Amino acid sequence: MHRLHSILKILIVPFLLLAIFAAAGCGSEAKSSFSYAEVSEPTSLDPALADEAVGINIDRYLFDGLVRYDSKTGDVKPGMAEKWDVSDDATVFTFHLRKGARFSNGREVKAQDFVYSWTRALLPETKSGMAMTILEPVKGAAPVADGAVRTLEGAEAIDDYTLKVTLEFPLAEFVTFLGHPVCSPVPQEEVEKPGSSFAQQPVGNGPFKLREYKPNEQVVLDRNPDYYGDQAKMNEVTVKIIPSAATAVAELKAGNVDAVKSVPPGETASLKNDSSVKLYSGVVNSLDFVGFNLTMDPWMNGIPLRQALNWAVDRPTIADKVLQGQAIAADGIIPKSMPGHQFEAMPYSYDPVNAKALLDDAGFAGGKGLPPLKLSYRNEGAAPDIAQAIQANLKDIGVNVELEGIESTTFLDKMIAGELSLFVVQWQADYNSPDTFLYTLFKSDQPQNVFHYAEPRTDALLDQARSTLNKIDRMKAYMDAERQILTDAPLIPVVFGQDQLAYSPQVSNFVFTPLGDIALDEITMAEN
Amino acid sequence: MPISRFIFNRLLQLLAVILGTVTVLFIVLYLLVPGDAAQAMLGAKATPQALENLRHELGLDRSLPVQYGLYLWRLLHFDLGTSYELNRSVSSVILDYLPATAYLAGAALLLETLAGMAWGFLTAGRRSTRLDFLTTISGSLLLSTPVFFLGMVLQYIFGSRLGILPISGLGGYNPVYLILPATTLAAAQAVIVGTMARSSLELQMARPYFLAARARGLTHRQALVGHGTRNALGPVVTLLAIDLGALMGGAMITEIVFSWPGIGRMTYYAAQVRDVPLIIGSVVVLVAIFVTISTLVDIMYGWLDPRVRLGAISDG
């Protein structure tokens, strides 16, 4: 017995010590990794080829361009460029780069890297789908894209830390374009390394670096300890590719992922009352609208008719009931999350009585006298549901439209060719500026002006906005243009997009940016 | 017919099937899939010259017969073209995903073999018994349950509720991740293998040699295992060999439900984004695998049983 007591005394001390150390470890260590599920594979991690939401979200944290976007407001803030100067005529931008910022291979990022990267993105062999969309304003971009030359005339490295960019035309908003990953610097020696694939093994300068990429499976990012800016809160971020939304939600509930991006309506409904999961609704920079082809009757010279149809659409019901909260009612053309949004731009609300009166004034009382109308839409996403709702709303005021669902690529070809009279379409912002909606869609000489809308006052306001350096005056010009467009009614704005995300209660700071990204460097997890 | 001529005929058939597959796919996809691939790749603001250059590079500015001929010429050199969406060679993309599908198909084949043979042994010669009734009911249930639904039910039970098995991903080839997707893929096929095994065993059980073995004092099980099984395996092995090819191509839905990074899921993605070279390449590879396995089985059978290559009817 005495010996047993002695043994117990000997053993108890180390166990007590173990317990003390274990207790000291418990309760004070925060989880240092975050994982989230995406329903599709990034087409590429090469920023020159990033043209879809999954790859863009990852690339925005693998790479840093000249500027970054604020995660809450979407406003431009300094990135690799500490500051920049703009010429009075808004055609020459001089960027002053910060010194000492490095790629994850250790080499310092210099002005020449931007010249190389932008040129490479434009060259035909790269086959970038976004290069011309973003870099078109740069002088000499078109000849590089054509393959006629291999030097980008408008991008010049004055010295290692000064980049001078000359544009083809005035564009005061040009800096907002530069947050897109296609404008990121890439190290030439890594891109051209024999035997390696930069699309699968990118080397960047962002707050994260790539640890592992298993195609169709997952992307694992490690915090970049050499990043020049604020260190990411998480040591590791894993992006899991789970194409089935039901499986992704099941993994979230099982604790195998911390968040699911893009939860479809069917899954959202079941999660609303589930305390093990939190839901987040994030407004994104997209607009679903009905467009009128102004080269066709009865829309040509038919402002009262087009305004009448605007009054007939019940936007809140479409957003809340038809789209089950995956959208919010549009109150203009510029989404709520974008600079330049104005709350009182939209002169129309849901008012069938007023709509009928205007229809009468237009000479089509009760819908009589209208030619056969066809509402075309692409057989994808929310478009079929929106089209059906619009058909029902118009029928209430006596305007009968036949629905025509068209395969996606054919729909785009027909719309751009001007073959569709009335169509439902969604437009997503390429950069965080009202210019991407207003100038691209409504300037009379733009190829994507699918309405064939031409109003000299609108053109003048848009050109004025592009050449105005003062931000307040610039935004005012864009806002005036928006109001003019809404009055002329070449479209019926219906809803702004809203992403539904689900995340674990363990996530203590969940940040979803106005550009539709999870802010990977700001996420924090609760302590265990 | 000499075996060499038999093999030659089968190889010709193999080539004909692959050629036919490529031809049908090419016509259907290039004629019926609308839209301009170059415009889709370069975006709405691409210059006309850039679009023209890319169309020329991809051969899209040539007539359909010329495009078809060029595709066949490249196919002879095992060049399946370049993926529009991923901007990589189709061959390299397929090689990335094929191993995962082969791994899953192999596991499913093993499962359905074990389960099917056990099913056959247990039920052979036991018609109109309670066991027969139970296995018939459960077999019908498994055969009529859609694969995706079975997969989701297994995920819910073993993943969400019990939390004992992972429900998605490859898990770095950890076998635990294989259990649910392989079971989902093998379930219906196990019933078919079991039914075939049972019929084949019962056929052997009616043979004189079997009755003689029983008369010599062997138990039913001893006679079945020691004598009947070997003779009964022929049709079952043929079915399993062909099924391997079918599993490789038929795992798409299972791969989507379980986020398995295989070629089926990749083909689904290619169809979603209308990546024509990737669609044709992956379907051609899967058809080639299936037809090659079938041909090898044919050749093996013809070598083993001269009656097959002579075209005589085999009574098993």
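User: Fine. What should I know about the ground rules?

Analyst: This is a predicted model, in which local features need pLDDT of at least 70, side-chain atom pairs count only at pLDDT 80 or more, and totals for chains, interfaces and linings use all residues. Residues are numbered from 1 along each chain as its sequence is written, and chains are lettered from A and ligands numbered from 1 in the order in which they are written.

User: What are the ipTM and pTM?

Analyst: ipTM is 0.79 and pTM is 0.86.

User: And what is the mean pLDDT of chain B?

Analyst: Chain B has a mean of 85, with 94% of its residues at 70 or more; pLDDT is the predictor's confidence in each residue, from 0 to 100.

User: Where does pLDDT stay under 50 in chain B?

Analyst: Over residues 312-316, for which the model has 7 contacts beyond four places in sequence. Two residues are in contact if their C-beta atoms, placed from the backbone, lie within 7 Å.

User: How many helices and strands in chain B?

Analyst: 14 helices and 0 strands. Helices (H or I, at least four residues) and strands (E, at least two) are DSSP runs, numbered from the N terminus.

User: How much of chain B is buried?

Analyst: Of its 316 residues, 36% are buried, meaning that 20 or more other C-beta atoms lie within 10 Å of the residue's own, with C-beta atoms placed from the backbone. The C-alpha atoms of chain B fill a box of roughly 85 × 60 × 30 Å along the principal axes.

User: Switching to chain A strands: what does β14 pair with?

Analyst: Strand β14(A) (residues 373-378) runs parallel to β15(A) (residues 401-406), joined by 6 bridges, and A:Leu373 stands opposite A:Val401. Strand β14(A) also runs parallel to β16(A) (residues 422-428), with 3 bridges, and there A:Leu375 has A:Leu422 as its bridge partner. Two strands pair if DSSP finds at least two bridges between them.

Conventions. A residue is buried if 20 or more other C-beta atoms lie within 10 Å of its own, exposed if 12 or fewer, and partly exposed in between; C-beta atoms are placed from the backbone.
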